[in-house]
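Dear colleague,

I am passing on to you the structure that we spoke about, together with some notes on what was found in it. Please look through it first, and then read the notes beside it.

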Amino acid sequence: IAYGVTHLDCAAAYGEAEARLGQIVNRDYQSQVTTVTKLAPLTELPENASDQEIRTSVEASVYKSCCKLSMPVLPYLLLHRWQHKTSHEGRIWERIKQFQQEGVIRNIGASIQNPEEALQAIADPDVKFIQLPFNLLDRRFQRSGFSEEAKNREDVIIQVRSVLLQGLLVSPMEIWPEIAGISA
C-alpha cells in the first residue's frame with residue numbers, strides 16, 4: 001500500500017485470505033485500498049440445480065465474504081469462473097446483479113482465463129472489473145483485439161495476475177519445466 005497498491009485481490013477459494021484481509025485492511029488501511037473478492041467456485045452446484053439451490057449457493061458465498069472481510073458492502077465481487085455468467089441459465093449472474101441492486105455489492109466483474117472470455121467480459125456493460133492472466137511471454141490478449149476493446153471501456157478496471165508466471169520467470173532456469181523442442 002505504501003508503494004501505491006490500490007486494490008487487493010482475494011477469493012472465497014483462497015483459504016484464509018478474506019479473513020486475514022478483513023482483519024488487516026479494516027483495521028489500518030480501509031481508506032487507502034479497495035478489496036476485490038470472488039464468488040466461490042460453486043463446484044458442488046450441479047448444472048440442473050434448482051433456483052433455490054442457486055440462490056442459496058450464491059447468497060452463502062456473498063455473505064461469507066462480507067463476514068470474513070468485515071464489510072457490509074463488497075466493493076467488487078468477481079465471478080471466479082467466467083462460465084458462471086451463462087451456466088445455470090444465467091441465474092448465478094442474475095442473482096449477483098440482484099445483490100448489486102440491493103446494495104450488497106457495489107461493482108461486479110470477472111476473473112477470466114483467456115482472450116475469448118476477456119472479449120465477452122469487456123463487451124458486457126455490467127462488468128466493471130476484469131482480472132486476467134498476463135506475462136511478458138504471453139501476447140494472446142494483444143493479438144485478440146482485447147487491448148483495443150479495453151481502451152473503449154474507461155469504466156472498467158483491468159487487473160493482471162501471474163505476471164511472473166507464478167514466480168517461474170524469476171526462478172533459476174534449473175527449475176523450469178522441460179518442453180520438447182524448446183531449448184533455453
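Which kind of bond do the side chains of Asp126 and Lys97 meet in? The two side chains form a salt bridge, with 3.1 Å from N to O, where a salt bridge is a side-chain nitrogen of Lys or Arg within 4 Å of a carboxyl oxygen of Asp or Glu. Asp126 belongs to the loop between α4 (115-123) and β5 (127-133), while Lys97 sits in helix α3, so the pair ties together parts that are 29 residues apart in sequence.

Before going further, please keep in mind that this is a predicted model, in which local features need pLDDT of at least 70 and side-chain atom pairs count only at pLDDT 80 or more, whereas totals for chains, interfaces and linings use all residues. Residues are numbered from 1 along each chain as its sequence is written, and side-chain values use heavy atoms, with hydrogens and water left out. The helices (H or I, at least four residues) and strands (E, at least two) are DSSP runs, numbered from the N terminus.

Salt bridges

By the rule above, the count comes to 13 salt bridges. Lys97 also meets Glu94 in a salt bridge, at 3.7 Å from N to O, and because these two residues are three apart in helix α3, they are separated by about one helical turn. Lys97 counts as buried at 19% relative accessibility, whereas Glu94 is partly exposed, with a relative accessible area of 41%; here buried means under 20% relative accessible area, exposed over 50%, and partly exposed in between (1.4 Å probe, protein chains only). Asp126, at 27%, counts as partly exposed.

A further salt bridge joins the side chains of Asp155 and Lys128, at 2.5 Å from N to O. Asp155 lies in the loop between α6 (146-151) and β6 and Lys128 in strand β5, so this pair ties together parts that are 27 residues apart in sequence. Both residues are partly exposed, Asp155 at 39% and Lys128 at 24%.

Around helix α3

Trp93 lies in helix α3 and counts as buried, because its relative accessibility is 3%. Leaving out residues up to four places away in sequence, Trp93 touches several others, including Leu79, Lys85, Asp124 and Asp126, where contact means heavy atoms within 4.5 Å.

Lys85 is found in the loop between β3 (74-79) and α3 (91-102), and at 19% relative accessibility Lys85 counts as buried. The side chain of Lys85 makes a polar contact with the side chain of Asp124, at 3.0 Å; a polar contact is a pair of N or O atoms within 3.5 Å, and within protein one must be able to donate a hydrogen and the other to accept it, while residues adjacent in sequence count only if both atoms are side-chain atoms.

Arg91, also placed in helix α3, is partly exposed at 21% relative accessibility. A polar atom of the Arg91 side chain lies 2.9 Å from the backbone oxygen of His88. Although Arg91 and Ser50 are 41 residues apart in sequence, their C-alpha atoms are 9.8 Å apart in space, and Ser50 is one of the residues that Arg91 touches.

Helix α2

How far apart are the end C-alpha atoms of helix α2? They are 27 Å apart, which agrees with the 27 Å that its 19 residues (51-69) should span at 1.5 Å a residue, because the expected span is 1.5 Å times one less than the number of residues. Among the buried residues of α2 are Ile54, Val58, Val62 and Leu69, and what covers the buried residues includes α1 (17-29), β2 (34-38), β3, α3 and β4 (105-111). After α2 comes Ser70, whose phi is positive, near 55°.

Apart from neighbours within four places in sequence, His80 is in contact with Ala11, Ala13, Tyr14, Lys38, Leu39 and Ser111.

With kind regards
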